[in-house]
Amino acid sequence: MTVAVVVAAGDGTRLGAGMPKALVPLAGRTLLAWALDGVLAADVDRVVVAAPPGRVDDVERGVAGLPAVVVAGGADRQASVLAALGHVADDEVVLVHDAARPLTPPSVFDLVRAEVVRTGDGVIPALTPADTIKRLAGDAVVETVRRALLAAVQTPQGFPAGALRRALESADARHTDDAAAFAAAGHRVRVVEGSPDAFKITTRWDLRRAEQLLAPPAA
Ligand code: CTP
Ligand code: MG
């Protein structure tokens, strides 16, 4: 079985909407509701949502009728993923996704999932950065890094669930994504093509961009 873990427990400090980011409205529905649309249109059997600890009841009402369970998230993203993995069996494939990437196409979930099934490795979607990237020492440019060697990483990130859980439980550092903890535990991580629509909503600018993408074309 394939289970999606949707982490939605963050405060959204940088967005500054005065409420948890996953519950912020985008074109009349929450970011979480949009994210769940993409997840459930993919080849996924069920979903575990890590909700803001004070909003578990609200989120449960929001997922009524969907193949989803809701758990209280943790103090950081890694803790939220681990809380959700409590509802995932070791022999399942897990796709860990940010609620903050509400417009991620179902095809990305299916691509990641298929590559986990094919290889047994960790799989992450990524895009080659569009900007030229420099390595710095203070304010001095040291070198231009070849873009082909770089990947801007998105979610969903897919793993054999048992191996991910053990990697996160034994992680001695806080990692910024699940693949970093998985790799630190000695596992291989592969990359597949991400999507521009899988961008993360971090600031007001990102939210405006999402609103514009969803707006009907002007007559
Ligand atoms: N997340 C989570 N639990 C946490 C922190 C983050 O489930 N304790 C989730 C967020 O809800 C989000 C994803 O991890 O879907 C990516 O995190 P980020 O974009 O940093 O969201 P926030 O932490 O909410 O935002 P900020 O860092 O601006 O406060
Ligand atoms: Mg954060």
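Helices α3 and α5 are oblique to each other, and their crossing is left-handed. The model is predicted.

**Packing of α3 and α5**

- Two packed helices are described by the angle between their axes and the distance between the axes.
- Here α3 covers residues 77-85 and α5 covers residues 161-170.
- The angle at which α3 and α5 pack is about 135 degrees, and their axes lie 10 Å apart.
- An angle over 145 degrees would count as roughly antiparallel and one of 65 to 115 as roughly perpendicular, so α3 and α5 are classed as oblique.
- On the α3 side, the contact is made by Gln 78, Val 81, Leu 82 and Leu 85.
- On the α5 side, Ala 161, Arg 165, Leu 168 and Glu 169 make the contact.
- By type, the residues of this contact are five nonpolar, one polar and two charged.

**Backbone details**

- Most residues other than glycine have a negative phi, and most peptide bonds are trans.
- Ala 27 has a positive phi, near 45 degrees, although the residue is not glycine.
- Ala 27 sits in the loop between β2 (25-26) and β3 (29-30).
- The peptide bond between Thr 155 and Pro 156 is cis, with omega at about 10 degrees.
- Pro 156 belongs to the loop that runs between β10 (152-153) and β11 (157-160).

**Overall dimensions**

- The chain has 219 residues and a radius of gyration of 17 Å.
- A compact globule with 219 residues would have a radius of gyration near 17 Å, so the value for the chain agrees with that of such a globule.
- Taken along the principal axes, the box filled by the C-alpha atoms of the chain is roughly 55 × 50 × 30 Å.

Key:
Residues numbered from 1 in each chain as written. Chains lettered and ligands numbered in written order. Predicted model: local features only at pLDDT ≥ 70, side-chain atom pairs only at ≥ 80, totals over all residues. Axes fitted to C-alpha atoms, helices over the stretch in contact; angles between N-to-C directions. Helix = DSSP H or I, 4+ residues; strand = E, 2+ residues; numbered from the N terminus. Parallel < 35°, antiparallel > 145°, perpendicular 65-115°, else oblique. Left-handed = near helix turned anticlockwise from the far one by under 90°. Contact = placed C-beta atoms within 7 Å. Nonpolar A, V, L, I, M, F, W, Y, C, P; charged D, E, K, R; others polar. Rg over C-alpha atoms; globule rule 2.2 N^0.38 Å.
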